[in-house]
Amino acid sequence: MGTNTQMRHKPVVEHTLDIGRFVYYPNIVVGEINEGVHVTMETVARPLQIGADIYGMCTPFVYISHRLHSYSIDPIGYYEAVKRFPNFVAYGIVAKNQRRRMLAHLERLFMKKPIRVFDDLENAFAWADEVLENNPTKN
């Protein structure tokens with residue numbers, strides 16, 4: 001992880017968990033889920049708790065899913081995650097694989113927050129910065 005826009009961000013903490021790797025920045029989380037994982041509210045409980053500890057309920061943040069591996073998602077979990085974090089403002093997806101990009105577009109049906117799909121982390125970070133800059137609830 002690391003290019004121009006992204007390099008302006010300093011990680012707060014990084015955790016490698018059973019489900020994958022999560023890097024928490026002041027207002028951005030980058031998650032890389034491991035190959036073959038089935039993502040549910042139960043499997044993301046620990047990364048969500050870490051996010052709650054860092055951002056609380058007031059600090060706005062953007063989640064960027066860096067899709068390096070193939071895994072499945074229970075889309076119902078989106079509703080619960082959004083309810084838990086009123087300060088979650090947008091969801092970015094970085095996917096180069098065409099199938100993963102197609103699936104990412106389907107996820108828009110389940111998420112009532114801005115979602116964008118990107119080819120690389122650089123553009124995802126630039127978009128996240130823009131979203132956070134224009135967010136009326138920013139600190």
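User: What confidence does the protein have on average?
Analyst: This is a predicted model. Its mean pLDDT is 86, and 89% of the residues reach 70 or more.

User: Where is confidence lowest, and where is it highest?
Analyst: Lowest in helix H1, residues 4-7, with a mean of 58. Highest in strand E2, residues 20-24, at 97.

User: How should low pLDDT be read? What about the coordinates there?
Analyst: Where pLDDT is low, predicted coordinates should not be read in detail.

User: OK, overall layout. How many helices and strands?
Analyst: The protein has 5 helices and 8 strands. Along the sequence the pattern is α-β-β-β-β-α-β-β-α-β-α-β-α.

User: How much of the protein is buried?
Analyst: Of its 139 residues, 45% are buried.

User: And what share of contacts join residues at least 24 apart?
Analyst: Counting contacts between residues at least 6 apart in sequence, 70% join residues at least 24 apart.

User: Now the sheet. What's the strand order?
Analyst: E1-E2-E3-E5-E7-E8. The sheet is open, has 6 strands, and its pairing is mixed. Strand E1 (13-16) and strand E8 (115-118) are the edges, each pairing on one side only. Ignoring direction, neighbouring strands are turned by 15° against each other on average.

User: Which helix packs on it?
Analyst: Helix H2, residues 45-55. H2 touches E1, E2, E3 and E5, and its direction makes about 5° with that of E2.

User: Go through the pairings. E2 with E3: parallel or antiparallel?
Analyst: Antiparallel, over 5 bridges. E2 and E3 form a hairpin with 3 residues between them. One of the bridge pairs is Tyr 24 with Val 29 in E3.

User: And E3 with E5, parallel or antiparallel?
Analyst: Parallel, over 4 bridges. Gly 31 has Ser 65 in E5 as its bridge partner.

User: How many bridges join E5 to E7?
Analyst: There are 6. Strand E5 (residues 61-66) and strand E7 (residues 88-94) run parallel. Ile 64 stands opposite Gly 92 in E7.

User: Back to E3. How many of its residues are buried?
Analyst: 6 of 6. Both faces are covered. Ile 28, Val 30 and Glu 32 lie on one side, with Val 29, Gly 31 and Ile 33 on the other.

User: Which side chain does the Glu 32 side chain make a polar contact with?
Analyst: The side chain of His 66, at 3.0 Å.

User: Which side chain joins Ser 65 in a polar contact?
Analyst: That of Tyr 71, at 3.1 Å.

User: What else does Ser 65 touch?
Analyst: Leaving out residues up to four places away in sequence, Ser 65 touches Gly 31, Tyr 71, Tyr 91, Gly 92, Ile 93 and Val 94.

User: Switching to cores. How many residues in the largest nonpolar core?
Analyst: 25. Ile 19, Ile 33, Val 39, Phe 88 and Tyr 91 have the most contacts inside it. E2, E3, H2, E5, helix H3 (76-84), E7 and E8 each supply at least two residues of this core.

User: Which residues are in the second core?
Analyst: That separate core has 17 residues, including Tyr 25, Ile 28, Val 94 and Phe 118.

User: What does Val 39 touch?
Analyst: Ile 19, Ile 33, Val 44, Tyr 71, Ser 72, Ile 73 and Asp 74, again not counting residues up to four places away in sequence.

User: Last one. Where is Pro 60?
Analyst: Pro 60 is in the loop between H2 and E5. Pro 60 is buried, at 2% relative accessible area.

User: How far apart are the C-alpha atoms of Pro 60 and Val 131?
Analyst: They are separated by 9.9 Å, while the two residues are 71 apart along the chain.

Conventions
Residues numbered from 1 in each chain as written. Predicted model: local features only at pLDDT ≥ 70, side-chain atom pairs only at ≥ 80, totals over all residues. Heavy atoms only, no water. Polar contact = N/O pair within 3.5 Å; in protein donor to acceptor, adjacent residues only side chain to side chain. pLDDT = per-residue confidence, 0-100. Pairing = 2+ DSSP bridges. Axes fitted to C-alpha atoms, helices over the stretch in contact; angles between N-to-C directions. Contact = heavy atoms within 4.5 Å. Core = buried A, V, L, I, M, F, W, Y, C linked by side-chain atoms within 4.5 Å. Buried < 20%, exposed > 50% of the residue type's maximum accessible area, 1.4 Å probe, protein only.
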